[in-house]
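Q: I'm new to this one. Can you walk me through it?

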Amino acid sequence: MLERIRRPLVQLGHKFVEGVWRVGVMARFFVLVLAASGTSFSRFRLVMREVYFVGVLSLVIIAVSGLFVGMVLGLQGFETLQRYGAQESIGMLVALSLVRELGPVVSALLFASRAGSAITAEIGLMKATEQLTAMDMMAVSPMARVIAPRFWAGVISLPLLAAIFSAMGVFGGYLVGVVLIGVDSGAFWAQMQAAVDFRYDVLNGVIKSMAFAVAVSVIATFEGFDAPPTAEGVSRATTRTVVSSALTILSLDLVLTAFMLRADD
Amino acid sequence: MERTTIDLWFGAFVSVGFAALLILALKVGNLGAEGQKETYRVEARFDNIGGLKVRAPVKSAGVLVGRVQEMHFDNERFQASVTLALDKRFQFPKDTSASILTSGLLGEVYVGLDAGGDDKKLADGDRITLTQSAVVLERLIGQFLFSKAQEEPAKK
């Protein structure tokens, strides 16, 4: 009887300790990556190559998603705003929700699933096929040569992708609001410009996406580096990257938003 | 240094990203309309500022001339002290009056400036003495009901 109660408790405790352990190791890993970042900047070509893979190749999905999100926001916003006779505020609604929240968050989620999972799988497979060990043998630090460039590529790419997402979203809102529904174009832009503040809205959005970029890049590289060197291990690490990135992004968003709103008024 | 297609892609990606940021700053945001323009600060005391917020617009004749920079409660006079940052390009006479207005019934609260006739102009750190407080709708309704109730017996 006692054994029956004990077993699940032990398992639960083990899972919890395991989670705490992972967080600690991830923090140490983060410091190691930063310490090994010198090579990434002295040989910037390494980072550029990775930016091509994680940033440039994500452009299409980010731009198209941004356009659609903006269009949906325009349609939904119009539906509600029209009841109060405030259709002109549609520009303000689309721009504020994109710049403050949706731009950084949705592009970070897309980035985690499009690029983060790829980084994890690549590093995990390099580890499984012992390429990382081989590098170590040749006195080439895999931290400096493989991990750090991918980390910095993520940090550079995501804020730019978030900006592109928001800009495309505003354009989508313009297409639906002005071209399709026929809201006055002047009022659309004027209300938007009156409501969106550069420092409080745009810059805070950029700060948010930078925080997400660091979080997603650390998680993606760490999960790859930490993956068990088997086919199953790599697949699980990839899944874990997407899941824990998504959770981290959303919870980090809550914390950052709380700080930014407090500072606002 | 030899060039590769990666360089081209990287350059294109970074330019597109910064172009998007620039669009957000200038076209979507208000950086182009009112960036770091030179301002001078003027103080005004109100009995009641209603729903005025920091960064609310200051308008004269309906045109934006500045923004509310700071506001606090003056514990000696029991009034609200509001600091307005006005655009240097617009100089107002010393006897300009400030009032707290609302655009439309549900619109945003702003500070309206009505220019006076004084030759001297407001300078940095000056105070606007003529002020008119915000209209509190509840009080207005209360007054209306009160006057209605007073009228009723007179008719009989």
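Q: How many residues does α9(A) have, and how far does it reach from its first C-alpha to its last?
A: This is a predicted model, to begin with. In it, α9(A) has 29 residues and reaches 40 Å from first C-alpha to last. That is close to the 42 Å expected at 1.5 Å a residue.

Q: Where is the kink in α9(A) centred?
A: On Asn204(A). The kink there is about 25 degrees.

Q: Is α9(A) mostly covered or mostly uncovered?
A: Mostly covered. Of its 29 residues, 22 are buried.

Q: OK, now α7(A). How many residues are in that one?
A: α7(A) has 40 residues. From first C-alpha to last it reaches 55 Å, close to the 58 Å expected at 1.5 Å a residue.

Q: And where does the kink lie in α7(A)?
A: At Ala148(A), shortly before the proline Pro149(A). The kink is about 35 degrees.

Q: How many residues of α7(A) are buried?
A: 31 of the 40, which leaves α7(A) mostly covered.

Q: What comes just after α7(A)?
A: Gly182(A), with a positive phi of about 95 degrees.

Q: Change of topic. How many residues are in the largest nonpolar core?
A: It has 77. Those with the most contacts inside it are Val51(A), Ala95(A), Ile164(A), Val216(A) and Leu24(B).

Q: Which elements give two or more residues to this core?
A: From chain A, they are α3, α4, α5, α7, α8, α9 and α10.

Q: How many residues of chain B are in contact with chain A?
A: 20 residues of chain B, in contact with 23 of chain A.

Q: How do the residues on the chain B side divide?
A: Into 15 nonpolar, three polar and two charged.

Q: Last one. What domains does the assignment give for chain B?
A: Domain 1 (1–33) and domain 2 (39–137), according to the domain assignment. Their C-alpha centres lie 40 Å apart.

Notes. Residues numbered from 1 in each chain as written. Chains lettered and ligands numbered in written order. Predicted model: local features only at pLDDT ≥ 70, side-chain atom pairs only at ≥ 80, totals over all residues. Core = buried A, V, L, I, M, F, W, Y, C linked by C-beta atoms within 7 Å. Buried ≥ 20, exposed ≤ 12 C-beta atoms within 10 Å, placed from the backbone. Helix = DSSP H or I, 4+ residues; strand = E, 2+ residues; numbered from the N terminus. Expected span 1.5 Å × (residues − 1). Bend = angle between axes of the 7 residues up to and from the residue. Domains from an automatic or database assignment. Contact = placed C-beta atoms within 7 Å. Nonpolar A, V, L, I, M, F, W, Y, C, P; charged D, E, K, R; others polar.
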